[in-house]
Amino acid sequence: MTAKVEIVGVSKAYPGVRALDAVDFSVEAGEVHALMGENGAGKSTLIKVMTGALRADSGVIRLDGDEIKLDSPGAARAAGIGAVYQEVNLVPSMSVTKNLMLGRLPRRLGLVSWSRARDLARERLKRLGVDIDIERPLGSYSVAIQQLVAIARALDDDVRVLVLDEPTASLDAQEVQGLFDILRDLKQRGMAIVFISHFIDQVYQIADRITVLRNGRRVGVGTTMEMPSFKLVSLMIGHDLLVAEQKPPTFHLDPNAAPILIAKGVGRRRVMEPVDINLRAGEVVGLAGLLGSGRSETAKLLFGAIRADRGEIFVAGDSVGAASPAKSLRLGMTFCPEDRKSEGILSELTIRENIVLALQSRRGWLRPLSRREQDRLADEMIEALAIATSDAEKPVGQLSGGNQQKVILARSLVAGPRVLILDEPTRGIDVGAHAEIVNLIRKLCEQGLALLVVSSELDELVAVSHRIVVLRDRKQVAEIPGSDITRAKIIETIAGS
Amino acid sequence: MTKETLSAGLAERAPLVGVKALLRHRMIWPVLALALILIVDGVISPGFFRIRIVEGRLFGSLIDILYRAMPTATVALGMAVVISTKGIDLSVGSIIAICGAVIVWRIHAGDPHFVILLLALGTGLLCGLWNGMLVALLDIQPIIATLILMVSGRGIGLMINLIYGGTNPSFNSALLQGLSVGHISLIPTRLVVGAGIFLLLWLLTRRTAFGLFLESVGGNPAAARLAGVNTRLIIYSAYLISGICAAAAGVILTADTHTSDPVSEGLYIELDAILAVVIGGGSLSGGRVYLGGTLLGALVIQALTTSILSSGLPPEYNLVVKAVVVLIVLLLQSSNARTALVSAIARRKR
Amino acid sequence: MNEKYLPLGATIAVFLILFLTGGLLYNHFFSTLVLGDILADNAFVIIAAIGTTFVILSGGIDLSIGSMIGFVGVAMANLDVAGWHPLASGLAMIAFGAGFGALQGFIIDFCEIQPFIVTLAGLFLLRGACFMVNLDAVPLRHPFVSEFAAFAIPLPGEGFLASSALIMLASLLVAILIAHWTAFGANVYAIGGDRVSAALMGVPMRRTVVKIYALGGLYSALGGVVYALYTSSGYPLAGTGTELTAIASVVLGGTLLTGGVGFVAGTLFGGMILGLIATLINFNGSLNGAWIMISGGLLLFLFIVLQRFLVGSLKFGAAR
């Protein structure tokens, strides 16, 4: 049977990087085809070529056997290819109706017919089981709803191919299942679905076939049956994954030592109920909970990025008082934010400048680091974290997502902290680097650092935590001691009973 | 990325040398523009480059350009600092007007002239504080925040005049004259003042961490804050610097005219200053601060004006020529435009 | 839906409050006569500001407005001397305005240069062209001009809607139609709301940006035509500083300078507020021009702070 979409020999190069190298890819009607690979493997690039957001340097794209040119997002849509990108690319300030119907507004006597537009919009949303007030601005809804609106938009009447780039990244478990039900329904109706994800479990749940990219080349393709997870992972990272993650952590330091970070009743009205968290040197405390439980908010409250209106924070016995990021840094606490794009990287500045920024803030403006010192620190970190770059003077914006995450981590480490707060440290980081970071966290706590790790990946928490604090609905609900930490226990505690 | 891609990347990024490297550098365009204008000048007006020494000071068209460019250049330097924080200061012209009114007021009140100088700078500081408060504290967009002082500032200046000095009051001040038209050995005093301001700002941005903080705030204020940068203070400082620079220019301009004319003093100087920054390589969306480039940009703008005057073209042509040249420089700076031009030429050759 | 109309409501409320205050302070102030005068006097600025609203809604800015007004006046005066009927020269100028605006829009999009800078060059170019053509004012002598000035529709009370005001109101209606009942209008809001997303959603960026600035230029030129007919002369310094008044009108009307949020109708009221203030001060007699500037700045300040806190509470970000 002819493939619905067939991509043959597509290549795309940027200065210094070959993003795609003669890649073949095809997806058939009524199939969910997963596209997997590490960061920088070329997944997003391939998707962008398929949806007209990027033009390939060479190669052929065929739709139902006929060659087509996808010059723009409009052209792809006209060809029946609908796309939903990783960041919900809609306009939050506009109403849901406008977001859904932009570009295909129905007309009457030359002017837009809004009543008809609203009817069509409601219809589209109903197909996905969504019933909301479509006149409100899109931004007033949760990310999950926004994502469904994006999918509803992508599902034009004559869309036959749906491309989803990391659609579950911001969804909780329940919302993911809801999405998968919709996808299965679409599959049955003959839709060809391309699906990028790095959540291996989810891929095995929903995909029929898997294509693996590595370094811009296709290294494997086959049905889900033919590709057990071990083979999949080894294709993605090129060598056997040392299952270091499964070794339970041992606690080296004195459990009776005074905690280095004490947070007593710290909270903020309408953001987070008061929490009590202690960290001891050499300890890793995990922070678990569903999306919306307040994990990031708690991390930010401790760091001072969100100002608490209740409670106190002590670092090494000294009261922090009115917390602020600058103050926390000076006391030896650093923070790696979850959203690296909007809160982490300074994309125009060089890798070197990004790395030394926190340390420089700590020193103050009158004590600038010498250029030589900056170069030394940057080179050290590039090597220690295996940041894939040939040049520390490159603007950070040119690095792949995973490497950007590493730069932010480097920034925190260089500032010489006693306490390190990590919010989703492995988000968007490929499987290989994943293990590196887990090992790094272990090494840091052996060196006497105290770490608070917020993560939605339970395996990660199990692998590194000595204790796990569980949040639910903006409240601290439980703490799981080291001996009890298992995946099941965490899920159970989060769910509550 | 693995080692394979890494080495491939390394091979492709062979160090840029020669003409290609030069062309990539942002400052090449203002330098070229300035050189071109000066060359055209040299052709049109023989003796353009001649520098004479008369009565112990330097004279000549080149000196004239530097001399007249100083106020705009000073304002532009402050503007460059503000622009790098992704901000803008439209109120500099009005700040100049207010400073002028304050100067004349206090001279008539009999204050010692040196104190008046400090008062003028203090006025600029206050205005900068006001702008800074609106942007840093109240989180108002810079273009709108500084628009407030831009709209009302000249009115404030007029008000000060009315209350204390009458319409367009004039004055005499040896100190201010000295600053504006005097000279230290051969060099006009104002150039020394200008160079001093440039030096101070250069030291501040390149020899302390202030420059890094400035550029980080302009790049991503949320990220900068999380990295421990006191973004509020940095933004305040930027507008303070702009205010003081405007005040300095105001002192010179007021001394030039011997009067306070709030309606027209420093009119449109903010536009010239912004142009100078952009020609010098700065971007309105924040980022790097190019102090040297900004100076060059101010010189380009002044050189244009001087060239038109000395060429015999009626002064009405000034604005049009300025607009055209600025557009050309901007088009050349834009890579899209360059590529289009190159391919158009290539097509023509075939 | 109520929330998004709040800024517009605030603008209208401020206008009414100011108008009422004037009525309390001075006799005969709260009348259709004064209202009609404000509309007629400020029609040209408001027309230009309406066009600018589209530009600002898309996240851009246009500084060449005032210079366009001056240039159009000067051009019309010279065409009048050459024997053209003002309607013909007016139409020609409107076409020129659209074309000039389109060119600015093209440069902005293709060369990826900031709108502030490109329209700044436009400001210099047009103003310079004014000076090159004429250094003094040139009167328009065609009999149509006096017919235009004399034409007015009487309002209940003693007021009139002069022809300039009528044109302004008509252009406002057209603008409202374009903004809220065309695909183009929806695209403008999209680009202003989130440029990257708009592109990915398939909005034809280049075409739309060019159209936006063309529309702005068209309205600026129309404002210039109205001004020339209203003052029956072409004055090279006409419109100086008008871009500021226009932008202030748009902001006072509730449109965010960042784009994506706002209403064209708000600009009408924003412009009228500014006109009202000037009238109030003139009525007083003892206050001088300095007060207009200061009060303008003060009002802008109050409005912006108000807008800031209003928008702050209308959070667009999703909860996590």
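Analyst: Two residues are taken to be in contact if their C-beta atoms, placed from the backbone, lie within 7 Å. The model is predicted. By that criterion, Val34(C), Ile38(C), Asp41(C), Asn42(C), Val45(C), Ile46(C), Ala49(C), Ile50(C) and Thr53(C) in α2(C) meet Val264(C), Thr267(C), Leu268(C), Gly271(C), Met272(C), Gly275(C), Leu276(C) and Thr279(C) in α12(C). By class, this contact comprises ten nonpolar, six polar and one charged residues.

User: What makes α4(B) roughly parallel to α9(B)?

Analyst: The axes of helix α4 (residues 61-84) and helix α9 (residues 189-206) of chain B cross at roughly 20° and come within 9 Å. Since angles under 35 degrees count as roughly parallel, α4(B) is therefore roughly parallel to α9(B). Their crossing is left-handed.

User: Which residues make that contact, and how do they divide by class?

Analyst: On α4(B) they are Leu66(B), Tyr67(B), Met70(B), Ala73(B), Thr74(B), Leu77(B) and Val81(B). On α9(B) they are Arg190(B), Leu191(B), Gly194(B), Ile197(B), Phe198(B) and Leu201(B). The classes are ten nonpolar, two polar and one charged.

User: How do you know that the length of α4 of chain C agrees with its number of residues?

Analyst: The expected span is 1.5 Å times one less than the number of residues. For the 25 residues of α4 (residues 86-110) of chain C this should give 36 Å, and the end C-alpha atoms are 35 Å apart, so the two agree. After α4(C) comes Glu112(C), with a positive phi near 55°.

User: Which element of chain B gives the most to the side that touches chain C?

Analyst: In that interface, 35 residues of chain B are in contact with 34 residues of chain C. The elements of chain B that give two or more residues are α7 (142-164), α13 (269-279), α15 (317-333) and α16 (335-349). Of these, α7(B) gives the most, with 13 residues. By class, the side of chain B has 25 nonpolar, six polar and four charged residues.

Technical notes:
Residues are numbered from 1 along each chain as its sequence is written. Chains are lettered from A and ligands numbered from 1 in the order in which they are written. This is a predicted model: local features need pLDDT of at least 70, side-chain atom pairs count only at pLDDT 80 or more; totals for chains, interfaces and linings use all residues. Axes are lines fitted to C-alpha atoms, for helices over the stretch in contact, and angles run from 0 to 180 degrees between N-to-C directions. Helices (H or I, at least four residues) and strands (E, at least two) are DSSP runs, numbered from the N terminus. Angles under 35 degrees count as roughly parallel, over 145 as roughly antiparallel, 65 to 115 as roughly perpendicular and the rest as oblique. A crossing is left-handed if the near helix is turned anticlockwise from the far one by less than a right angle, and right-handed if clockwise. Ala, Val, Leu, Ile, Met, Phe, Trp, Tyr, Cys and Pro count as nonpolar, Asp, Glu, Lys and Arg as charged, and the others, Gly among them, as polar.
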